[in-house]
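Have the viewer open and follow along.

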Amino acid sequence: MGVFLTAALIIGGYYWWRAPRSESGLGPGAVARRGGQLVASLRSDPRSFNRYVARDFTTDAVTMLTQDRLVRVNRATFELEPRLAERWESSDDGRTHTLHLRRGLTWSDGTPFTADDVLFSFAAVFDARTDSILASSLSVAGQPMRAASPDADTVVITFAGPSGPGLRLLDNLPILPKHKLQSTLAAGTFAKAWDTRTPPADLAGMGPFVLREYQPGQRLVLDRNPRYWRTAKDGTALPYLDRIVLEIVPDQNAELLRLQARAIDATQDALRSEDFVTARRAEQQGVLTMIELGVALDADAFWFCLKPDVKKKDPRFAFVQKPQFRQAMSHAVDREEFAQTVYLSEAVPVWGPITPGNRQWFDPNVPRYPPDLEKARTLLKDIGLEDRNGNGIVEDEAGTEARFAVITQRGVSSYERGTTVLRERAAKVGIVLDIVPLEFGAMIQKMLASDYDAIYMKPIATDMDPAANMDLWLSSGSAHFWNLEQKTPATEWEKRIDTLMLEQAAANDDRRRHELFNDVQRILAENLPVLYFAAPRLFAAHSTRVVNVMPSVLRPPILWNADLLAVSGAAATATPAPQ
Amino acid sequence: MTAFLVRRLLFALVLVAFAASTALLLTRIAPGDVTSQLGPGATQAEITATRARFALDRGPLAQWVEWAGRALRFDLGESFLYNRPVAPLVRAAALNTAVLAFAAVVAATVLGLGFGILSGSRNDTVAAFVRGVSFVSISIPPLLASLLLAFIAARTGWLPVGGMSSVNASEMSWPLWLSDLAWHLPLPVLALALPLSATFERLQSQSLAEALHQPFVLAAMARGVSRRDLILHHAWRVSLRAICGVYGVAIGALLSGSFVVEYVTAWPGLGRLMYEALRARDIYLVAGCAAMGSFFLAIGTLTGDLLLAAVDPRVREAETA
């Protein structure tokens, strides 16, 4: 046994130094070929094959591969592009949209695709018995969209009111086959249809791939959909790949090892900061290609509980609720240092929830808080907080110390580093932060119950368009996390944001929408209910044999345009894919 | 012997019921519940519906009574994570873990006993080397061992980095499928077997060394019995008692699933399923995994007891009495 272990260590070390060399090393001008198989990883099993009732990432990823939409937001350019609808016209008031479907399309099982399938999808998503998680994202002015079809190739969609995002909302709705699911909707069992026990033969889709096999805990195998509607510019039928295999690899360390070993070609997520060195070394050795996805759309956030109903008896709330206190915290943190320490320099400082990664909505002119400990101390003093007893902690006149428990998610390395930096910087101005790592579930439960002092975590926006994230911006929203679901706005500035956001969401004019949202970002940055420090630059890695990659900052960074992906060594040659 | 087996079976039933019920109640009263998996953007209606679906809107005792009633009919409830009944999920994972555990036990036994006999029967540099490596193997945490072996596999390409089968396994014939499974076993098996084999080696070595100094061994030596026969036919059998004492617990622990090894090597077993269930507070899945894990533990201890009885007549007599 000892001999084996020692030999394994020696051999492992030897191979560490004698790293494998590139086999293919396709350059950027590589030609896509039909055929071949791509293996990607997922972190967990799908909860369902019915995206209308499951919000987990794996279900979304599988849906992206097997189903299609009327229109799609391109994950690389963020432009709206035609899919099952080849063109559309919108009325002047932006409430009525006439979409013309592509003709002659068929589902993966050969059944013709018609406007009836679209109407069925709308009926299913808004059916009360379905209780779809997508319904709210497809509602305008609190009312569901209405769909009608004057003929088999046309769909007219009507909004109850004006909508800023307009047809971009339809990106949320995969179109499902009426012939497969109509009976379940009629029986009121649509919500249970297409669970993960469903035989693959019972599924049908308009996406580039069809599910061939699902082995729980191991993998999903998807074959090329021979009836997929899209073609390359030269007429080559897409997708290029014959098969995509999604291996379920729960551990991210093991996932990277598999990527290095060429056991998988792509991962479901961006790399972690701590994996950059390993990935870069593998890139130099020609094993994989690293691609910069851009600045992350979401940044780690830090906020205090600002719910007056819960905190009014807490003497610390008297100063926590004052913007000057939070501005002092913001001045105490050096964001450049934060980016270096927490994200190993692969991050950019941010002052609000909209990061430079969201090119359409980022406002570089929001108020900033440069690192200034003196300024921070002055602000604290202005609201009556100073170190009166010389113990290094500021307190108010009644002796209440500025000491807070900060809960964060256990086991996330960037959170551990972030809270450490935050604690050290806050201590320099006399604010004590005690870090309490919790399991995710326990942390969320405390957040929902407003049972905490402060939280450090990364809230994920559901959409890049602010009008699609009203739950965050509106004071009544379920994701307005510093003070959830207010009956009436707790502060004047939140009331003002409510007004601006409602107007922004209803505006048709893009310039006006930007003006309004810039105002919102400014107000938020002035009052700082949430502090943001740095947004990481995201990198993904894929095997060198994968070509036609169009990286996206959104998940999944590579698989989102799976119909265009190809691998080297495939049989027939095709020209580079269309954009 | 029949009475003994019946007693152990009853013990197993009590253990399974106790472990599963405790797991259910502890998961229930721990902070957070499965609705946290819905994310911060979940609506109140969605949270309420999910809580009702998993009976989280009732008291812990009422929930347990309902669950226990269904469990008696082999209905262990539904999993939130997998959106399907718990029983088949647990069965499939348990089978995978059993395959892994069986291979690990065989490997640990062969390696541990073999090297234990070697180091226990001599006192030279080879024995010292084996002892040293055993200490290192016992000290390496399973997480590190798994990652180290996965790293070696990734760099050399000699073995699959993880998983239980190849991508095209479902298209293979039975013999090919079995060889593919065997090809995926060494990495997780080694990660599990190394510390266990080191433990067996230490126990075997010490007990054999002690046995070699027993009067009956010395008497045999005086009768001119060869050293090989002395070790293998006289001392070794006596020395096995120490191994059998821990064998049952070791087998039980392996069968219950090593979540670290299964997680890192992506082996779809009971340990990994339990870990995922605990992280998500998937209450019925946690209870189901605990029930199966404790059942395996009972089987392990029973196996250990039977082995002990096989090698030690005194134990046999005591059980018969």
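In chain B, helix α4 (residues 86-120) and helix α13 (residues 283-311) have axes that come within 10 Å and cross at roughly 45°. This is a predicted model, with an ipTM of 0.78 and a pTM of 0.82.

- Two packed helices are described by the angle between their axes and the distance between the axes.
- With angles of 65 to 115 degrees counted as roughly perpendicular and those under 35 as roughly parallel, α4(B) and α13(B) are therefore oblique to each other.
- The handedness of the crossing between α4(B) and α13(B) is right-handed.
- On the α4(B) side, the residues that meet the partner helix are V86(B), A87(B), L89(B), V90(B) and A94(B).
- Facing them in α13(B) are Y284(B), L285(B), G288(B), C289(B) and M292(B).
- Sorted by class, this contact of α4(B) with α13(B) holds 9 nonpolar residues, 1 polar residue and no charged ones.

**The sheet in chain A**

- Five strands of chain A form an open sheet in the order β20-β19-β21-β17-β22, and their pairing is mixed.
- The edges are taken by β20 (432-438) and β22 (530-532) of chain A; each has a single partner strand, so one side of each is left without a neighbour in the sheet.
- From one strand to the next, the twist averages 25°.
- Within the sheet, β17 (residues 301-304) and β21 (residues 454-457) of chain A run antiparallel and are joined by 4 bridges.
- Across that pairing, F304(A) stands opposite A454(A) in β21(A).
- Chain A has its own helix α13 (residues 440-448), which lies across β19 (403-409), β20 and β21 of chain A and runs at about 130° to β19(A).

**Where the chains meet**

- Contact between the chains involves 52 residues of chain B and 50 residues of chain A.
- On the chain B side, the elements giving two or more residues are α2 (44-53), α4, α5 (125-139), α6 (142-156), α8 (186-211) and α11 (259-264).
- Of these, α6(B) gives the most, with 8 residues.
- The chain B residues on this side divide into 28 nonpolar, 17 polar and 7 charged.

**Confidence**

- For chain B the mean pLDDT is 86, and 96% of its residues reach 70 or more.

How values were computed. Residues numbered from 1 in each chain as written. Chains lettered and ligands numbered in written order. Predicted model: local features only at pLDDT ≥ 70, side-chain atom pairs only at ≥ 80, totals over all residues. Pairing = 2+ DSSP bridges. Axes fitted to C-alpha atoms, helices over the stretch in contact; angles between N-to-C directions. Contact = placed C-beta atoms within 7 Å. Parallel < 35°, antiparallel > 145°, perpendicular 65-115°, else oblique. Left-handed = near helix turned anticlockwise from the far one by under 90°. Nonpolar A, V, L, I, M, F, W, Y, C, P; charged D, E, K, R; others polar. pLDDT = per-residue confidence, 0-100.
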